[in-house]
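Dear colleague,

I am handing over the structure we spoke about, which you will find directly below. After it I set out what was found, with the cut-offs for each term, so that you can check it against your own tools.

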Protein chains: 2
Amino acid sequence: MPKETFHNLSEEKKKRIFDAAVQEFSERRFSDASINQIIKNAGIPKGSFYQYFADKEDIYLYMVEQMARDIHDIIEPFNLNDSFFAHVMQRAKETVKVGKTRPEYAKIGALTVIDNSDFILQLLKTGNAKYIEIIERDKQRGLIKPEIDSGVLIKMIYIFVFNEYLYSGFDETGYLENVESAVQIIKQGVAVQQG
Amino acid sequence: MPKETFHNLSEEKKKRIFDAAVQEFSERRFSDASINQIIKNAGIPKGSFYQYFADKEDIYLYMVEQMARDIHDIIEPFNLNDSFFAHVMQRAKETVKVGKTRPEYAKIGALTVIDNSDFILQLLKTGNAKYIEIIERDKQRGLIKPEIDSGVLIKMIYIFVFNEYLYSGFDETGYLENVESAVQIIKQGVAVQQG
DNA sequence: TGACAATGTGACCAGGTAGTCATATGATTA
DNA sequence: TAATCATATGACTACCTGGTCACATTGTCA
């Protein structure tokens with residue numbers, strides 16, 4: 001988390017630094033992003049950065065937190081009763097929605113899929129835990145075959161959804177169609193056969 | 001392709017340079033790999049590198065070509081009649097097989113999945129074209145639903161197979177099991193329903 | 001006003017990168 | 001032997017990185 005000196009800054013300056021981070025992390029993966037570039041974007045001296053943040057991870061986590069607050073209104077309320085695949089499609093639609101008003105945010109998420117740094121991997125693992133639970137519940141509900149490996153399932157979805165977004169060239173319609181196709185294939189593949 | 005000066009070198013020296021490239025490209029993605037590191041591994045001066053190769057792309061393509069020759073014996077003969085999914089599983093098994101004798105080779109392949117440089121993307125696109133054809137043929141054969149998007153299908157498989165390898169920690173058994181799981185899900189998801 | 005603490009600042013360090021080029025070496029031919 | 005040509009070489013340029021630190025500035029309180 002940012003140091004106290006950062007929190008003492010004016011809202012304007014904090015915003016400027018946040019925006020600079022968003023810009024950099026939406027253009028380069030976390031691993032490739034440059035602190036030098038962030039301070040350049042923000043117009044603050046090198047020394048100040050280290051007075052505000054411990055390192056790159058520190059500002060990244062701060063940024064993610066702020067982004068979450070920012071898109072809070074855009075995101076549909078989480079309906080616990082929805083099936084796993086409903087959740088996935090909802091999230092894909094949210095990605096597109098976010099991409100419309102805050103294209104950088106969606107890009108930041110997408111870039112995690114090609115980052116294999118320990119830091120990012122850990123972050124994703126935490127974020128996916130919730131979905132693992134939903135899959136398990138859907139198995140008990142009889143929606144998903146119990147022999148399906150939840151870890152494999154969430155990985156398939158996750159890497160496809162974000163890879164696709166990364167390479168869709170921001171063609172939102174094409175993106176959603178492809179995600180829909182993929183999700184339908186996987187849904188069909190893991191569904192308990194009726195009758 | 002390498003310059004003539006390179007081809008004039010002794011086999012020993014060419015081998016040394018090839019090995020150095022393999023080492024570097026198996027530790028870092030193409031985008032992150034360093035020419036400085038390669039010349040250090042090979043024990044050749046900087047100037048010599050540029051006398052042999054135009055740039056990083058040049059030596060990468062040379063390396064890939066040599067690797068293909070090297071694993072020619074390991075790879076099963078390509079059976080055109082095999083279904084798409086048989087091809088995929090065969091290739092996953094080959095990856096494991098190659099990984100046993102030449103772990104670096106498999107790693108080099110896996111690292112392409114997290115590289116979004118134009119150079120690597122183009123390379124993959126070319127390599128996937130063959131599989132698109134096989135998918136189309138399987139549709140006509142009645143094995144795969146005709147409405148399935150071939151591009152989506154190959155992407156799903158490709159990114160999963162290599163992502164999984166990248167993060168499997170070289171647990172070959174676990175890797176093959178997960179690929180098998182994923183392939184089964186997708187196979188089930190795209191299969192023409194019997195009866 | 002004076003003293004002290006908090007914060008701002010950018011030059012600097014050590015390390016990395018790709019690529020160039022003048023010079024050195026060695027082999028080949030006249 | 002002398003001239004010519006191919007190749008070898010590493011110092012050098014220009015540029016980037018994360019991080020530090022001595023010093024300057026500003027704010028606070030007695």
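By class, the surface near DNA strand D holds five nonpolar, nine polar and four charged residues, where Ala, Val, Leu, Ile, Met, Phe, Trp, Tyr, Cys and Pro count as nonpolar, Asp, Glu, Lys and Arg as charged, and the others, Gly among them, as polar. Please keep in mind that this is a predicted model, in which local features need pLDDT of at least 70 and side-chain atom pairs count only at pLDDT 80 or more, while totals for chains, interfaces and linings use all residues. Residues are numbered from 1 along each chain as its sequence is written, and chains are lettered from A and ligands numbered from 1 in the order in which they are written.

**The DNA strands**

In total, 18 residues surround DNA strand D, the closest being A:Ser34, A:Asn36, A:Gly47, B:Pro45 and B:Gly47; a residue is taken as near a molecule or strand if its C-beta atom, placed from the backbone, lies within 6 Å of it. At least two residues of this surface come from each of α3 (35-42) and α4 (46-52) of chain A and α4 (46-52) of chain B, and the largest share, four residues, is that of α4(B). Helices (H or I, at least four residues) and strands (E, at least two) are DSSP runs, numbered from the N terminus.

Around DNA strand C there are 18 residues, of which A:Pro45, A:Gly47, B:Ser34, B:Asn36 and B:Gly47 come nearest. Two or more residues of that surface are given by each of α4 of chain A and α3 (35-42) and α4 of chain B, with α4(A) giving the most, four residues. The surface near DNA strand C divides into five nonpolar, nine polar and four charged residues.

**The two chains**

The same surface serves both, since 100% of the contact residues of chain A recur in chain B.

The contact takes 18 residues from chain A and 18 residues from chain B, two residues being in contact if their C-beta atoms, placed from the backbone, lie within 7 Å. On the side of chain A that touches chain B, the elements giving two or more residues are α9 (150-167) and α10 (172-190) of chain A, and α10(A) gives the most, with eight residues. That side divides into 11 nonpolar, six polar and one charged residue.

One residue to look at here is A:Ser181, which lies in helix α10 of chain A and is buried, with 20 other C-beta atoms within 10 Å. The term buried asks for 20 or more other C-beta atoms within 10 Å of a residue's own, exposed for 12 or fewer, and partly exposed covers what is in between, with C-beta atoms placed from the backbone. Not counting residues up to four places away in sequence, A:Ser181 touches B:Asp149 and B:Val152.

Chain A has 10 helices and zero strands, its C-alpha trace spans about 65 × 30 × 30 Å along its principal axes, and buried residues make up 31% of its 195 residues.

In helix α6 (residues 84-101) of chain A, the buried residues are A:Phe84, A:Phe85, A:Val88, A:Ala92, A:Thr95, A:Val98 and A:Gly99. Seen down the axis of α6(A), these fall within an arc of 145°, so they line one face of the helix; the arc is that of the directions from the helix axis to the C-beta atoms. The face turned away from the buried side of α6(A) carries the exposed residues A:Lys100 and A:Thr101, while the cover over its buried residues includes α7 (103-111), α8 (118-140), α9 and α10 of chain A.

In α5(A), the buried residues are A:Ile59, A:Tyr60, A:Met63 and A:Met67. Seen down the axis of α5(A), they fall within an arc of 100°, so they too line one face of the helix. On the other side of α5(A), A:Glu65, A:Ala68 and A:Arg69 are exposed, and what covers the buried residues includes α2 (11-27) and α7 of chain A.

With best regards
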